[in-house]
Number of protein chains: 2
Amino acid sequence: MLTVYSDDHRLQDGKAELEGGKLVPCYEMPRRADLVLARVREVGLGEVVEPERFGVEPILRVHEAGFVAFLQSAWDRWTATKRTFDALPFTWAVRGMRTDRVPESIDGQLAYYSFDAGTPITAGTWRAASSAVDVALTGQRRVAAGARAVFSLCRPPGHHAAAGYYGGYCFLNNAAIAAQAFRDGGAAKVAILDVDYHHGNGSQSIFYRRGDVFFASLHGHPLDEYPFFLGYEDETGEGPGEGANANFPLRWGTGFDLWGQALDEACRRIERWGADALVVSLGVDTYKDDPISRFRLEQGDYPAIGRRIAALGLPTHFVMEGGYAVEEIGINAVGVLTGFEEAA
Amino acid sequence: MLTVYSDDHRLQDGKAELEGGKLVPCYEMPRRADLVLARVREVGLGEVVEPERFGVEPILRVHEAGFVAFLQSAWDRWTATKRTFDALPFTWAVRGMRTDRVPESIDGQLAYYSFDAGTPITAGTWRAASSAVDVALTGQRRVAAGARAVFSLCRPPGHHAAAGYYGGYCFLNNAAIAAQAFRDGGAAKVAILDVDYHHGNGSQSIFYRRGDVFFASLHGHPLDEYPFFLGYEDETGEGPGEGANANFPLRWGTGFDLWGQALDEACRRIERWGADALVVSLGVDTYKDDPISRFRLEQGDYPAIGRRIAALGLPTHFVMEGGYAVEEIGINAVGVLTGFEEAA
Ligand SMILES: [Zn+2]
Ligand SMILES: [Zn+2]
């Protein structure tokens, strides 16, 4: 399997995130992608290539122009206020507040365009995030050109980023942009399967009213787990998208017995829906030792995930998302890919 | 003028708040109320009395029961998760997210019931906040019984707290609870005049659809300033509340020339509306040296504020809100009160 990778991910290297009352070192760190790449090489998964460059147009197919302009300029505007450390927002527009007017000040815009205090904007954020999009689009192009499967080793991750806001360590939604690129390249129906521990709220919201992109997600139940405010089973899509969204929320402590059944059901839903291409949001924070998550998957479970996905028989584009048990992230993520290859 | 005060405010003594990327010592600190009290005594403003106790019923006239139960139990539930430091939320339900389901986990509820990362919940938060309500209700009772004016030296402040969420150093909306108590005590029409630097988003939202409580606020423009997502001029109330809300947003750098004109206009609106009692949300973070604010009022301007308010000729209940130039907070806040007394 081909891997697409760029060192540019290292430009996103935040110092700290807010975790319930403390600023702690960022869980989402460059070493994550470095160790996944090392494991790709160690197991001989296949060639590793640099991304092509696609510019901002494919990003604007999914994200709002104002949001993209904000991300491009945020660091310069932040440091223009004499602050040299990473930027975090500190307030948000909750229920009853207005979102029809965009504040002008940088702190107001950080608030407007985000949903958490865990996702620092740094000097290199835009370059890292847009390069991750290029990694995703390069993988997408190879799959569209006929590859059975490609692995886009994206970092920063993307699935929490919505059309108009960032959060959850995600700035641009790599998987959603890739799914849109499949559509724009001629695929009539695309499915996204999100196996990250966290609900892919960004991906869901981007395609929620669309009938051409199916979104299925297995994740920590919103009653328990971040991002808390999307991911329930009764979110099935709206308007033309009705029936094209499937959530499998699972309570804390879920192991592979239950998780695997939910995966099977998600795959059956995708089979019934009949996609032409599959984007897999590949997070491995489902792992039992993940420091911020509470499922109980074991190393040996990850190849089984790959085998089940392979059984869908679809052109498959793996896009890296979360996973914070850093020392095991390569084994687990690449375990999915080698499982896929065994069965494909 | 009588002052109502309780030492219980010291039970709210948070360690840190998030300010755009850093955890910094809380601007909202016990010394604030201590110095206001010292100034009250220094100028001989009048008697200082302890609050009576009113229990939770008057709080529930303004705040949602689920929110109040959350505030009462939050610290115990937080520490039950083995965290001994102050609790801050780290994510929020922004546009497009669901607010019809309340998460079950404590981190999810912190997210649901808040709107910023600057308002730590500590061991003493509930006792301090509910005691501040008692301070407000004791003052309200004295005014309702015939006093020309009373000063409720509330801390923590209240005007950012909405019916169902906290933030901006505020947990329970002292001024709104007092205004409701005037209504429940027989006043047909009550006005709230909010002169704090920040928009009183909580007070506005609580009474936005009601025609019996007029809310007027002078504040940093939401395009520039926290809380960013309410406080525009075109927010004039809804339904029965249409016409009973008046915002005077002012840009950074505003001095007393412009601010005083806006105060005059706000007072004329209250005169035209014809209130039976007036609650003043008295913040002095409009001061030129306030560390988190950007207006340019001078010490000599504060008595003029008091004089203009006195000219309304209404039974007047001053409720302490913000002000973070701590060493000058007593001079400025009590300056408003002595100015009022000179003119009343
Ligand atoms: Zn995740
Ligand atoms: Zn204030």
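Predicted model: local features only at pLDDT ≥ 70, side-chain atom pairs only at ≥ 80, totals over all residues.

Author: Residues are numbered from 1 along each chain as its sequence is written, chains are lettered from A and ligands numbered from 1 in the order written, and side-chain values use heavy atoms, without hydrogens and water.

Reader: What coordinates the zinc ion (ligand 2)?
Author: Asp196(B) (OD), His198(B) (ND1) and Asp285(B) (OD) do, at 2.0 to 2.1 Å. Donors are N, O and S atoms within 2.8 Å of the metal (3.2 Å for Na, K and Ca); water is not among the atoms, so sites may look incomplete.

Reader: Why does Asn332(B) count as buried?
Author: Its relative accessibility is 1%, and the limit is under 20%, so Asn332(B) counts as buried. Asn332(B) lies in helix α10 (residues 326–343) of chain B; helices are DSSP runs (H or I, at least four residues), numbered from the N terminus.

Reader: Why are α1(A) and α10(A) called oblique to each other?
Author: They pack at an angle of about 45°, with their axes 8 Å apart. Angles under 35 degrees count as roughly parallel, over 145 as roughly antiparallel, 65 to 115 as roughly perpendicular and the rest as oblique, so α1(A) and α10(A) are oblique. Axes are lines fitted to C-alpha atoms, for helices over the stretch in contact, and angles run from 0 to 180 degrees between N-to-C directions.

Technical notes
Helix = DSSP H or I, 4+ residues; strand = E, 2+ residues; numbered from the N terminus. Buried < 20%, exposed > 50% of the residue type's maximum accessible area, 1.4 Å probe, protein only.
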